[in-house]
Amino acid sequence: MNVTFAPVMLSTEVKSVEMHHETLESASPGDNVGFNVKNISLKQIRRGMVAGDAKKDPPAKTDHFNAQVIVLDHPNKIMAGYTPVLDCHTAHIACRFDKLMTLMNKRTGEVIEQNPKSVKSGQACIVDMIPTKPMCVETFKDYPPLGRFAVRDMRKTVAVGVIKQNFRCAPDGKSK
């Protein structure tokens, strides 16, 4: 089987896959596994990278993504420009809240306000987020383990979220 590692977009052949020192025939989304691959050094692969089938739905770097965020515990208002660290799968990358798109009821999903100025603890919103470093994410609907994240700031979890829409980079560097 050939796999692609994102966001660096390295492709190679897998010799074996293992979890907890036991060989596996295959791995499913969200599994934390070890690989034995050809022609890639350990220095080319880092924590937070995503591996996927190179032929069927390969992972890709994201330009930006829309996410539903529920603010749990933040002492102030969160506004556009806020840049906390996102813990998404095994990646820990700062992402900027570029635009607050809608303020919504966190239980029903009913839209309360379009383009709010800020959100505070106990509220939910749809946010356009931009990673500060190359990052690979997937929508919660397609791959639940890769589509949820925690927002960390001030040494605590201030919000949680799920990815609603992903704008992947095309090989030429433009969004799809």
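Predicted model: local features only at pLDDT ≥ 70, side-chain atom pairs only at ≥ 80, totals over all residues.

Me: What volume does the largest pocket have, and which residues lie nearest its centre?

Reply: Its volume is about 1200 Å³. The lining has 44 residues, and Asp31, Val33, Phe35, Ala51 and Gly52 lie nearest the centre. Strands β1, β2, β3, β4 and β5 each give the lining at least two residues. By type, the lining splits into 22 nonpolar, 12 polar and 10 charged residues.

Me: And what about the second largest pocket, which residues are closest to its centre?

Reply: That pocket comes to about 200 Å³. It is lined by 14 residues, with Pro7, Arg46, Arg47, Ile93 and Pro134 closest to the centre.

Me: Now the rings. How many aromatic pairs are there, and how do I read one?

Reply: You describe a pair of rings by the distance between the centres and the angle between the planes. The whole structure has three aromatic pairs. In one of them, Phe5 and Phe35 have centres 5.6 Å apart and planes at 80°, and since over 60 degrees counts as edge-to-face, that's what this pair is. Phe5 sits in β1 and Phe35 in β4, so the pair ties together parts 30 residues apart in sequence.

Me: Is Phe5 buried or exposed?

Reply: Phe5 is buried, at 4% relative accessible area, while Phe35 is partly exposed at 35%.

Me: Which other pair is edge-to-face?

Reply: Phe65 and Phe149, at 6.5 Å centre to centre with 70° between the planes. Phe65 lies in β6 and Phe149 in β13, so this pair links parts 84 residues apart in sequence. Phe65 is buried at 0%, and Phe149 is buried at 5%.

Notes
Residues numbered from 1 in each chain as written. Heavy atoms only, no water. 1 Å grid on protein atoms, 1.4 Å probe; cavity = no way out; pocket = protein on both sides within 12 Å on 5 of 7 lines; lining within 4 Å. Points joined across faces, edges and corners; volume = space filled by probe spheres on them. Helix = DSSP H or I, 4+ residues; strand = E, 2+ residues; numbered from the N terminus. Nonpolar A, V, L, I, M, F, W, Y, C, P; charged D, E, K, R; others polar. Phe/Tyr/Trp six-rings, centres within 6.5 Å; stacked < 30°, edge-to-face > 60°. Buried < 20%, exposed > 50% of the residue type's maximum accessible area, 1.4 Å probe, protein only.
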